[in-house]
Amino acid sequence: MKLRHVLLGSLPLLILAGCVSALEASTINLHTFIGCAVREFTFLARKPGCKGMRITTDACWGRCETWEKPVPDPPYIDAHHRVCTYNETKLVTVKLPNCAAAVDPSYTYPMAIRCDCGVCATATTECETV
């Protein structure tokens, strides 16, 4: 009987903790956030011979600290460039609608599990240089 009261008494605390956690996540200012995080992302999946389909998934998003400083020896600059990139992903496959008879309707895309600031890897990230 006492265990039941303890469990029922802790239920409001768990609900309150969940609400506070959700509130903290929603109050992040995305304009000033420095770091790398998983964030919901929607895109249009297309494939020749099929109708497009909107997909909402998780992707990496953020800004990472980066710096450059001049040094006296070639290449005359010491650079530290990190980008928000995928650390762990899961492949998800969906079937696109209204595909032609000879077209496989399967469409596979990566879903972010974990993201980190790291060196840009062209295998998973679009890397742009100036």
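User: Which residues make up the largest nonpolar core?

Analyst: This is a predicted model, so local features need pLDDT of at least 70, side-chain atom pairs count only at pLDDT 80 or more, and totals for chains, interfaces and linings use all residues. Residues are numbered from 1 along each chain as its sequence is written, and side-chain values use heavy atoms, without hydrogens and water. A nonpolar core is a set of buried Ala, Val, Leu, Ile, Met, Phe, Trp, Tyr and Cys residues joined through side-chain atoms within 4.5 Å; buried means under 20% relative accessible area, exposed over 50%, partly exposed in between (1.4 Å probe, protein chains only). The ten residues are Phe43, Ala45, Cys50, Ile55, Val92, Val94, Leu96, Tyr107, Tyr109 and Met111.

User: Which element gives the largest share of this core?

Analyst: Strands are DSSP runs of E, at least two residues, numbered from the N terminus. Strand 1 (35–45), strand 5 (83–95) and strand 6 (106–118) each give two or more residues. The largest share, three residues, comes from strand 6.

User: Which residues is Ile55 in contact with, leaving aside neighbours within four places in sequence?

Analyst: Contact means heavy atoms within 4.5 Å. Ile55 belongs to the largest core. Its partners are Phe41, Thr42, Phe43, Ala45, Val94, Tyr107 and Tyr109.

User: Where is Pro75, and what is omega for the peptide bond from Pro74?

Analyst: Pro75 lies in the loop between strand 3 (67–70) and strand 4 (77–80). Most peptide bonds are trans. The bond from Pro74 to Pro75 is cis, with omega near 10°.

User: Is Asn98 buried or exposed?

Analyst: Asn98 is found in the loop between strand 5 and strand 6. Its phi is positive, about 50°, although it is not a glycine. Its relative accessible area is 61%, so Asn98 is exposed.

Note on methods: Helices (H or I, at least four residues) and strands (E, at least two) are DSSP runs, numbered from the N terminus.
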